[in-house]
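Student: Could we go through the aromatic contacts in this model together?
Tutor: Gladly; here it is.
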Amino acid sequence: MLRIHFDERDIARVQIASAPDPLWETVLAVHQLTAPGHGVPVYAAWRARARAELAQRGLTRAARLIGALAPGDARYFPDFLTPDAGRDGLAAGLTALRETPRARLAAEIRRAALPARLPRWAGAVAKGSRQPLDELAAAFADVHRAVIAPDWTEATATADRDRAARSRALCQGGVDGMLNSFSPYLRWEPPVLHVDYPCDRDLRLHGRGLRLIPSHFCWRRPIALADPDLPPVLVHPVAHTTGWAPATARACHPQALSALLGRTRARVLAALGAPVTTGELARRLRVSAPSASEHVSALREAGLAHSRRDGGCVVHALTPLGAALLHGELAPVRL
């Protein structure tokens with residue numbers, strides 16, 4: 001169990017990340033690639049495509065390089081692999097990774113080596129050698145480009161849906177309501193947030209607040225940085241849409257897409273640019289709730305929208321394909 005201790009200043013400084021973190025996503029995706037057996041079913045189609053893509057591009061070794069320092073079954077992996085600068089994009093995060101102070105590299109690799117044997121090149125990284133650190137950063141960039149970036153639109157969409165749910169909980173119940181919305185893997189008993197975690201530890205925020213990062217590839221339980229002196233973050237799982245598949249496997253049925261023609265349905269498509277409930281959509285478009293639901297159903301059948309129940313309401317949002325149709329192109333990937 002991880003116990004995160006808040007004070008009055010921390011309550012006011014809780015943040016929700018505006019997008020997934022590219023370095024966290026890369027590390028956690030590698031965990032899914034190296035999971036024993038068949039792994040988590042929701043990632044099955046992505047895993048098959050990702051492994052084939054890595055093999056075709058000659059990047060299997062690059063993924064293993066990341067997995068060697070951050071194995072999926074480890075209770076700890078070095079914090080320098082997921083620097084706070086990753087919030088500003090992949091390039092900023094990799095720059096921070098390369099500039100990790102030598103003392104910190106040595107300490108974190110020494111800690112990672114305690115439960116398991118690390119590869120020989122990790123010792124060179126611990127000594128501040130530039131070549132293996134640059135190779136590690138290049139591995140992150142290559143793996144991200146090959147198997148994370150193609151599905152970044154979907155990863156961002158899942159984060160948007162999660163953030164919308166947290167925002168509604170915040171509006172309805174304040175910070176208490178928002179933190180309670182993470183049940184069952186988080187339990188809020190003010191002033192302590194109890195987190196389902198593989199080891200027993202306490203984290204005291206001391207007025208720094210907490211940054212909540214929704215993650216497409218995080219599974220089962222949240223993850224926090226091990227060093228209590230680093231900016232506090234909690235990376236947490238998001239709910240996946242039923243039948244999620246990697247970008248190359250998605251398609252829209254032509255007959256279903258033809259049902260989208262018409263002014264009202266185009267307005268519905270535009271209104272779903274941000275997740276909304278049926279009631280919110282009806283009020284925004286000044287139509288009845290049954291009419292709004294009918295239009296969303298047509299969009300859903302065409303693969304352009306999806307719906308999920310959130311408490312007592314149903315929340316609708318665009319799929320990556322719907323967002324591409326609305327904006328004329330897939331959402332750009334920040335590199």
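The conversation below turns to ring pairs and to charges over rings.

Tutor: This is a predicted model, in which local features need pLDDT of at least 70, side-chain atom pairs count only at pLDDT 80 or more, and totals for chains, interfaces and linings use all residues. Residues are numbered from 1 along each chain as its sequence is written, and side-chain values use heavy atoms, with hydrogens and water left out.

Student: How many aromatic pairs does the count come to?
Tutor: The count comes to 5 aromatic pairs, where rings of Phe, Tyr and Trp (its six-membered ring) pair if their centres lie within 6.5 Å, with planes under 30 degrees apart counted as stacked, over 60 as edge-to-face and the rest as tilted. One of them joins phenylalanine 6 and tryptophan 188, edge-to-face at 5.1 Å centre to centre and 75 degrees between the planes.

Student: And are phenylalanine 6 and tryptophan 188 buried or exposed?
Tutor: Both phenylalanine 6 and tryptophan 188 are buried, meaning under 20% relative accessible area, against over 50% for exposed and in between for partly exposed (1.4 Å probe, protein chains only).

Student: Why is the pair of tyrosine 43 and phenylalanine 217 stacked?
Tutor: Because their planes are at 25 degrees, with the ring centres 5.4 Å apart. Tyrosine 43 is buried at a relative accessible area of 0%, and phenylalanine 217 is buried at 3%.

Student: Which cluster are they in?
Tutor: Tyr43 and Phe217 form one aromatic cluster with Trp46 and Trp219.

Student: Switching topic, what lies over the face of phenylalanine 182?
Tutor: Arginine 166 does, at 3.9 Å from the ring centre; the rule asks for NZ of Lys or CZ of Arg within 6 Å of the ring centre and within 35 degrees of the ring normal.
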